[in-house]
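Take a moment with the sequence and the structure below. Then follow the charged side chains and the surface, one step at a time.

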Amino acid sequence: MESFLANVGLISIVIVIIFGYKKIRDYYYFNHSGFYENEKVYKAAEEFVYGASSSDVKAILKGCFDLSEEDAEEILSRSASHKNDKDRGYSAFIKSVNKLLGEEVYSEKCRC
């Protein structure tokens, strides 16, 4: 019975080490990439899809640390023509944000 508990303890320690390594690696990657994924962008995309006014969406986007008011206007102008798409413009909205940032920071998979 003691060897069983020792094996379980050893496996637990290995899992904690692997998980810790992954967290440290992710932290290091995000600190050096320059951009962080912000939940407010996804919230703004959902509001855009569900028909919120452009001023409400702009207000949400202005609260993001990477985007200014001009950026928010550009995102809305690029994605407004895609409101009739199958996903109601969600992927176009996220593509606009990624294009503006110059990196694939946000996932286009709909969280709606």
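**Charged pairs and a nonpolar patch**

Start in helix H2, which spans residues 39-49. Both Glu-47 and Lys-43 sit in this helix, four residues apart, or about one turn. This is a predicted model. In it, Glu-47 and Lys-43 make a salt bridge. Their closest N and O atoms are 3.5 Å apart.

Why can such a pair form? Side chains of opposite charge can pair when their charged atoms come close. The cut-off used here is 4 Å, between a side-chain nitrogen of Lys or Arg and a carboxyl oxygen of Asp or Glu.

How many salt bridges does the structure hold? There are three. Move on to the one between Lys-58 and Glu-73. Here the closest N and O atoms are 3.8 Å apart. This pair links distant parts of the chain. Lys-58 belongs to helix H3, residues 54-62. Glu-73 belongs to helix H4, residues 69-79. Lys-58 is partly exposed, with a relative accessible area of 23%. Glu-73 counts as partly exposed too, at 38%.

Stay in helix H4 for another pair. Arg-78 forms a salt bridge with Glu-74. The closest N and O atoms of this pair are 2.6 Å apart. How far apart are Arg-78 and Glu-74 in the helix? They are four residues apart, so about one helical turn separates them. Arg-78 is partly exposed at 31% relative accessibility. Glu-74 is partly exposed as well, with a relative accessible area of 30%.

Now leave the charges and turn to the nonpolar surface. Which residues form a nonpolar patch there? They are Met-1, Phe-4, Leu-5 and Val-8. Together they have about 460 Å² of accessible area. Look at Val-8 within this group. Val-8 lies in helix H1, which covers residues 2-33. Its relative accessible area is 37%, and Val-8 is therefore partly exposed. A patch residue needs over 30% relative accessible area, and Val-8 has 37%.

Note on methods: Residues are numbered from 1 along each chain as its sequence is written. This is a predicted model: local features need pLDDT of at least 70, side-chain atom pairs count only at pLDDT 80 or more; totals for chains, interfaces and linings use all residues. Side-chain values use heavy atoms; hydrogens and water are left out. Helices (H or I, at least four residues) and strands (E, at least two) are DSSP runs, numbered from the N terminus. Buried means under 20% relative accessible area, exposed over 50%, partly exposed in between (1.4 Å probe, protein chains only). Patches are made of residues with over 30% relative accessible area and no salt bridge: like charges are joined within 9 Å, nonpolar side chains (Val, Leu, Ile, Met, Phe, Trp, Tyr) within 5 Å. Accessible areas come from the Shrake-Rupley method with a 1.4 Å probe; for residues, only the protein chains shown count as cover.
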